Amino acid sequence: MSAQAKSFGARWLGALSANAAALTGYPASLQVADGELDQHAARFIAVVPDSASHFPRARQGQVGLAEGWALARAVHDAVAADEAMPDKRVIVAVIDVPGQAYGRTEEAYGIHQALAAAAQAYAKARQAGHPVIGLIVGKAMSGGFLAHGYQANRLIALSGDAVQVHAMGKQAAARITQRTVEGVEELARTITPMAYDIESYASLGLLFRQLAVTGDQAEDLSAVETVRRALSDALADIQAAPDEASQRDLSSRLQGNGREASVEVRRRLRVQWAG
Amino acid sequence: MNTSELLQRQSFVELSARARVAQLLDGGSGRELLGPFERLTSPWLALQDIVTQSDDGVVISRGTVDGVDVVIAAIEPAFQGGSMGEVGGAKIAGALELAVEDAANGKPVVPVLLLETGGVRLQEANCGLAAIAEIHAAIVALRAWVPVVGVVTGPVGCFGGMSIAAGLCSHLIVTREARLGLNGPQVIEQEAGIEEFDSRDRPMIWSLLGGQQRHATGLVEDLCDDDVRAVRARIVEAVQSGDTAPARIENIQAFETLLAAIEPDVLAEADKVRAAFEQQANHAGAFS
């Protein structure tokens, strides 16, 4: 990284991995560090800004072509290394992504496939028995989040205005839905899934836990301790799931309130499935 | 092709989702799940005074294709741009999750996904995004047992988080009319500027994101005509194949090598993109 201030993602990656040296062989926009969590080996991964990136559309921490494929490699290599191990290392996605890269080059060379490779790597890690935890320390936007973190067994989010989850930035969302930006903001106040703030997102029941810690507290030892404890709790919660299938799938996301229709659709589908 | 063949064609692109399903399944084998009479409508659109649809734009049907047990998930292009809301997304994710359970219990069902979608329905933003993550998870889980077949024919194309779902399929079938890309043209223009991407330049868009180009670069497996029989014939072949784990998903190294050769400051042109993929394929046999 250049002289620019470190991103939340970079700062939390450093704090949680005890500032272990980042692994080499990855683009500067992808930081991978091996550390530990509760005496288990753990790999921490963050996408960070790189103002000198070869790809101009991916210099602010977006998940672009290079980040997508490198994420896939970072996760895939951990799975391959632990293949014969009974105790699979924990994988923690430290999430601070303003989105995917928007550009002509990106589309032309198949950015959707790069993000698919990243999402697949995380999903396969989870299905191979790696506990995967997504820690949202800043923005978790759209395709960036789908590629980096949304396949985790458990999701944890910090608090504060800088912590946001959404499918699209406000300007673009306004254009696509043929509204004004003010109109989008107005709706976001009343329609929970359209909101950008983390409290609204938490009310959808998708988080394992929301912490009273803000993104800029990565150098605050008690805040770091709070986050480490939550990661440990998430790990214990994954391992406490009743059977192997539910230790390795996303079913815990449907146990919260806030997505009643998602639950009801599945309940009725199950009734009709076998005929 | 002669004139009589042309006249016998029936367009797949022009069919509704439910009509597509009826054309693909063996006669009499279809059974729609959570059909429109279930009245499972979007809880979020109504709050915004937007007219709902009683199937939320997704048709789920079990049945057989040439005797193979399948579950088809067809997205209706004419409702809200084929966008994924909470209900429609849960219909697809839930059906795939049940297919995972069946496959694990020795009852394989092959999913066929008809992906006409702009991605997340922005009026249900985070519910759509969450459902798409669940669809991704189920596709990857299913591929341990069965092929997962994706079909993009147009008119909408396949964008957003659902283009990632397409990228996860073991077998992708497209027509020349299809487009496949992560970001919709208007969104790129909004985010990156019209010099980067002119959303009204249709020849440029199809030259880069169109079915022919995606096939030429190995990002989809099959290109076929917009004809019901042709599309069905490709699906018949695909559902009978094993999971081929195509190089476009698995060969990380080949793509990373390809990336190093890209000059991002030069506007991408279709022929140069093809040449770059071909060179890589010749070098490593990676993409075909």
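How many residues of chain B are in contact with chain A?

**View 1. The contact between chain B and chain A.** In this predicted model, 66 residues of chain B are in contact with 66 residues of chain A. On the side of chain B that touches chain A, the elements giving two or more residues are β1 (31-33), α3 (86-104), α4 (125-142), α5 (161-168), α6 (185-192), α7 (202-209), α10 (247-250) and α11 (252-260) of chain B. The largest share of this side, 14 residues, is supplied by α4(B). By residue class, the side of chain B that touches chain A consists of 43 nonpolar, 13 polar and 10 charged residues.

**View 2. The fold of chain A.** Chain A contains 11 helices and 7 strands. Its radius of gyration is 18 Å, close to the 19 Å that the globule rule gives for 275 residues, so chain A is as compact as a globular protein of that length. Along the principal axes, the C-alpha atoms of chain A fill a box of roughly 45 × 45 × 40 Å. Of the 275 residues in chain A, 59% are buried. Among contacts in chain A between residues at least 6 apart in sequence, 70% join residues at least 24 apart.

**View 3. Helix α4 of chain A.** Helix α4 of chain A comprises 17 residues (residues 111-127), which at 1.5 Å a residue should span 24 Å; the end C-alpha atoms are 24 Å apart, in agreement with that expectation. Because 15 of the 17 residues of α4(A) are buried, the helix is largely enclosed by the rest of the structure. G129(A), which follows α4(A), has a positive phi, near 105°.

Note on methods
Residues numbered from 1 in each chain as written. Chains lettered and ligands numbered in written order. Predicted model: local features only at pLDDT ≥ 70, side-chain atom pairs only at ≥ 80, totals over all residues. Helix = DSSP H or I, 4+ residues; strand = E, 2+ residues; numbered from the N terminus. Expected span 1.5 Å × (residues − 1). Buried ≥ 20, exposed ≤ 12 C-beta atoms within 10 Å, placed from the backbone. Contact = placed C-beta atoms within 7 Å. Nonpolar A, V, L, I, M, F, W, Y, C, P; charged D, E, K, R; others polar. Rg over C-alpha atoms; globule rule 2.2 N^0.38 Å.
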